[in-house]
Amino acid sequence: MDQKNFMDEFMKAANQDLTPKQAKILQAAVEIFAEKGYAATSTSEIAKRAGVAEGTIFRHYKTKKDLLISIVSPIIIEFAVPLFAERFINEVFQDQRLDDFEDLLRKIIRNRYQFVKNNVPLLKIFFQEIAFHAEIQEKFSAVFTEKVLPQFIKVVNHFKQNGQIGDFPTETVIRLTINAIVGFFITRFLVMPDYPWDDEKEMEYTIQFIRNGLKGI
């Protein structure tokens, strides 16, 4: 994805009506945070790459941390919530062809694959920084607990009741499923992005791994 299309994706995710200077600041911040990390990046570097005065950054964002949060927040919402948004779940249950755990996993991982592929620098920033910033952790926890977890529980209990998931605690099923899917994305796009992966096969392997592991005895 070229830089223009990448930033178009970001602005759409951010749902922000930005001035041209704000857009340049965000674009520069995304590029440098992804390259060097938040701690090693200065606002003067961001200003230089954006072609604005450093004071312009602080007119729009009080601190460098505010700039980071403005980048990460829409990614938390756009990456996590669509997985188990109420509309998504309702559509799945209304489609009898997807009343199958494996088909649900396939729909989830393929849906998020394209989003991650289009937003690698943003996801890199998120995964780099979440361990170091309580604000990001709290925001992610709030979004997950309020928007994702209730729907995830509904899905897991549905497939446990019809025998497609074994007798595991619901929370354990959720943890294992998330670990496998997110682990695939991290390895594919952040840890080993240049390895000659066969993405179609790797997605299917991940689906089979989750499905077979959760069948139980």
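Q: Why does R49 count as partly exposed?
A: In this predicted model, R49 has a relative accessibility of 42%. Buried means under 20% and exposed over 50%, with partly exposed in between; R49 therefore counts as partly exposed.

Q: What makes the contact of R49 and E35 a salt bridge?
A: The side chains of R49 and E35 meet at 3.0 Å, N to O, and the criterion is a nitrogen of Lys or Arg within 4 Å of a carboxyl oxygen of Asp or Glu. This pair links distant parts of the chain, with R49 in helix α3 and E35 in helix α2, 14 residues apart.

Q: Why are α2 and α8 called oblique to each other?
A: Helix α2 (residues 20-36) and helix α8 (residues 120-129) pack at an angle of about 55°. Roughly parallel requires under 35 degrees and roughly perpendicular 65 to 115; the two helices are therefore oblique to each other. Across this contact, V30, F33 and A34 in α2 meet P121, L122, K124, I125 and Q128 in α8. By class, the contact has six nonpolar, one polar and one charged residues.

Q: How do you know that D199 forms a salt bridge with R188, and is D199 buried or exposed?
A: The closest N and O atoms of D199 and R188 are 2.6 Å apart, against a limit of 4 Å. D199 has a relative accessible area of 14%; buried means under 20%, so D199 is buried. R188 is likewise buried, at 14%.

Terms used
Residues are numbered from 1 along each chain as its sequence is written. This is a predicted model: local features need pLDDT of at least 70, side-chain atom pairs count only at pLDDT 80 or more; totals for chains, interfaces and linings use all residues. Side-chain values use heavy atoms; hydrogens and water are left out. Axes are lines fitted to C-alpha atoms, for helices over the stretch in contact, and angles run from 0 to 180 degrees between N-to-C directions. Helices (H or I, at least four residues) and strands (E, at least two) are DSSP runs, numbered from the N terminus. Angles under 35 degrees count as roughly parallel, over 145 as roughly antiparallel, 65 to 115 as roughly perpendicular and the rest as oblique. Contact means heavy atoms within 4.5 Å. Ala, Val, Leu, Ile, Met, Phe, Trp, Tyr, Cys and Pro count as nonpolar, Asp, Glu, Lys and Arg as charged, and the others, Gly among them, as polar. Buried means under 20% relative accessible area, exposed over 50%, partly exposed in between (1.4 Å probe, protein chains only).
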